[in-house]
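Please work through the exercises below with the sequence and the model side by side. Each task is followed by a solution in steps.

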Amino acid sequence: MYKGYVMNIGLEVHVELKTQSKIFCSCPTLYGAEPNTHVCPVCMAMPGALPVLNKKAVEYALMAGIALDCEINLECKMDRKNYFYPDLPKAYQISQYDVPLCKKGFLDIETESGNKRIRINRIHLEEDAGKLIHNEKEETLIDCNRCGVPLIEIVTEPDMESREEADLFLNKLRTVLLNLGISDCRMNEGSFRVDVNLSVRKQDNFELGTRTEMKNLNSFAFIQKAIEYEFKRQVDSITENKPIEQETRRYDEKSRKTFSMRKKEDADDYRYFPDPDLVKIKLERDYVESIRKNLPELASKRKPQMMAKYELSSYDCEMLLTDMELAALFEKAAEYTKSYKSLSNLIISKKDSVLGILPEKLATIANMSYKELINAMTARKLIDMLLEKDFDIEKEVEEKQMGQINDEKILAEYARQALEMNKKAIESYKKGNFQAIGPIIGQVMKLTRGYGNPEKINDIVVKCLNDIS
Amino acid sequence: MKDILKMDIMTLHKHIANKEISCMEITAAYLQNIEKKDEKIKAYITVTKEEAEKRAKSLDERLSLNSNIPLLYGIPGALKDNICTKGILTTCASKMLYDFIAPYDATVYEKLNDNGMTLLGKLNMDEFAMGSTTTTSYFHKTYNPYDLSKSCGGSSGGSAAAVASEQTLFALGSDTGGSIRQPASFCNVVGMKPTYGTVSRYGLIAFASSLDQIGPMTRTVYDNALVLDAISGYDKKDSTSVMKPSGSYTDDIGKDIKNMKMGVIRQFAAKKINSQVVNTVNEAINWYEKQGVEIVELDMPSLDWAIYAYYIISSAEASSNLARFDGIRYGYRPDEFEDIDRLYEYSRSNGFDTEVKRRIMLGTFVLSQGYFDQYYNKAQKVRRLVETEFDRAFKECDFILAPVAASTAYDIKDAKKDAVAMYMEDIFTVPVNIAKLPAIALPGAMSEENLPIGIQLIGPKLSEKTLYRAGYAYEKRNSEVSHV
Ligand SMILES: [Zn+2]
């Protein structure tokens, strides 16, 4: 709440589906290829080329719809959204207009004050556009590799009332989609893109205010900042008697502000009409039911069981459950150890490489961490080493002297040496700059060749600093 | 040896299979005739002389006696210039695509190639197939082989004129609102507009996707059926294509037509039609009746609205289909432009001619917010009404006989008269496209001015065999009509 106002947030999330081929042709959807190598007459909009709908894309969109408890429109169609832009070769995007594939769903989030239902207005299927690359010669180049990559657009009702709720929703949505295996959901690669619709109202007034739409939000952190900024901007504007205009605003990362891009009255008339090149989509009820039946188990169902069985935090379980393979690896390794928290920390911290490691080895490392025989850095290092070749962990740690240095006398001696080398940092610390402790701790860790016990080092250094008068 | 140019597909096929005539001889005969005649008729935009000679040579080399060759092996054909041919210019008769070489083959071209056809070239048309005169081509007009002062019709005018003047044995045209049948009628050839979906549209540069259909143009009904056999069938690259009925389109040719039922639409009789066209149609009705065909009079009031629905739907789809011609990836583009919007503006203002721009603007308008229901949606309602009315009609008859055009070929200098008046000329052909039906135009009679007059047979969906059967019988009667 700010000056007696609250906000309402609705989200539009574009998710790239990771089907093997594009939505209307057989080109691959892989990210990061040389520009214009994953193209064909269809996705380049050569004269005479025709789209053919990829069934897998429909299936993936249905999986999302079912997982988000949507109603499925058994009969729908694809429409053309007409506008000129250089990244859109046909000059129309094939999308869905008045009849989306899925509608009226929901996703429950766990807020501090309990569960909250966020309603999903619709999920529709469409194709992605290409990318424009502006080079140093001030030319604009077009890469059509992304043209025709299948997308779903998930539109929520304006049910979120804080940036925390928006964050909870987006994280949970992302987990659901990852669980389904239908998208990589990588914001940095553009496979998970979020537009935020935000309006403000007096707390006791339930009528929604005029909303603005924010685009160009490239990370979860930016979304948070943009919401915060835009909320205050709107409230300030209203309290200064300047009405909010319905418009699209662009978030600028550098200034952390939003700027007006386009007013509503300049909005394009997209001249939607049913695409005559494609036939109606008609789904058999049995087909939809078979997708429902074969839907992968969702994290939301597994999470409470996992929290209870392994005494892990909600956050840890969510992290493990973003990838069902990670969760499975955790459960297998947990058969060999009781150090669940250490095991979960280890897997989460190495989630990109840990899948290649045998569960019993992971358990051994987790055990050693728990018993303080090795520190967290060493644990991660051991995983990298195991990826190279297999070995006996305990023997290796002993032989290579990788064990954790817990001896306080040794650590105190290193601390003394480190403080001697960092007189400036001590002064700075004494003046109240507590961050100055960082380089000193780093120095101590270096003296232990990385094997020191980090908590003990921290305690010792703090104590030493406080002792210096 | 008889004149190669006078032989039909089956005759040539037998000669080729028996190695009595080589593919090279046939190709040479046609290329010579093109050289002789096309200077005046101007049916072709591109003659693929060298490719054709090379192709014929290789076909001859691959041919061994008694081998089982496809029917079109060595048969010369030509394509309307809106059908994509890899490595060969495909212009749509527009400045917009004046230098466009397609990077891929249309499905029909692929199929014809698989069948052994020799491509002679690409044929003139109205720009982007919008028109009925073949005078809006960026390159040149095409003249009627029967009278060079007359229009050959359109938009597949080059195809009709080339077939009529023996500059190819067969041609493919495309028909969105009559563009195969009307020029066929003006040039005295057989033109089939198949059921929507019968022939794949993949590689046909779209005018109006829900109406466009490729079809064969030939000198005889039998040849027409043979070509349709070669080009039809479900294509996984075109979702709107349909499965082909089993057997051959020639299956029912030659069967007795006695006891068939033929419909005649009362509303068409009330139209302003040239009296010689009326006579030709009436003679045809009488002839069919004499063969034992039962005549059924049909009342189809919604057909009056079909023409309006047609121009709304076709222009709407065209405005979107032609949006891709933006000067960026291919086609005409100005040398200088200030920014992206100017690039669009100059490319499209200069790349398209008047008629195309008129339809793009019309289509953009009817799809605009606030007008969509009033125009596009209403036109769709009319479309369904027309379809229903035809469905009802075909419960009473096997096929319908109708005029193709209200007149014979007009003076080529009148071809650019008032646009709306020109649009109204399509009243007899457009309902067929609206209802996705098959229809065939057949040579009927010659006028006093010695200009061809065609008739049209319309059938229910997928009734091509019936139309070929009824058309063949009529053609037999009419076999004294000679070609130029
Ligand atoms: Zn492609």
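The exercises treat a helix of chain A, the domains of chain A, and then chain B.

This is a predicted model, in which local features need pLDDT of at least 70, side-chain atom pairs count only at pLDDT 80 or more, and totals for chains, interfaces and linings use all residues. Residues are numbered from 1 along each chain as its sequence is written, chains are lettered from A and ligands numbered from 1 in the order in which they are written, and side-chain values use heavy atoms, with hydrogens and water left out.

**Exercise 1.** Determine which residues of helix α8 of chain A are buried, and what they pack against.

Solution. Step 1: helices (H or I, at least four residues) and strands (E, at least two) are DSSP runs, numbered from the N terminus. Buried means under 20% relative accessible area, exposed over 50%, and partly exposed in between (1.4 Å probe, protein chains only).

Step 2: in α8(A), the residues classed as buried are Tyr340(A), Ser342(A), Leu343(A), Ser344(A), Leu346(A), Ile347(A) and Ile348(A).

Step 3: seven of the ten residues of this helix (340-349) are thus buried, so α8(A) is largely enclosed by the rest of the structure.

Step 4: the packing partners of these buried residues in chain A are α5 (299-310), α6 (314-321), α7 (324-333), α9 (359-370) and α10 (376-388).

**Exercise 2.** State where the domains of chain A lie, and how many residues of domain 1 are in contact with domain 2.

Solution. Step 1: the bounds, from an automatic or database domain assignment, are 5-287 for domain 1, 299-399 for domain 2 and 408-468 for domain 3 of chain A.

Step 2: between the centres of domain 1 and domain 2 of chain A, taken over C-alpha atoms, there are 35 Å.

Step 3: with contact meaning heavy atoms within 4.5 Å, five residues of domain 1 of chain A touch eight residues of domain 2 of chain A.

**Exercise 3.** Describe the fold content of chain B and explain why it counts as compact.

Solution. Step 1: chain B contains 16 helices and 13 strands.

Step 2: its radius of gyration (over C-alpha atoms) is 21 Å, close to the 23 Å that the globule rule gives for 484 residues, so chain B is as compact as a globular protein of that length. The globule rule is 2.2 Å times the number of residues to the power 0.38.

Step 3: of the 484 residues in chain B, 64% are buried.

**Exercise 4.** Is Gln380(B) buried or exposed?

Solution. Step 1: Gln380(B) lies in helix α13 (residues 373-396) of chain B.

Step 2: its relative accessibility is 16%, so Gln380(B) counts as buried.
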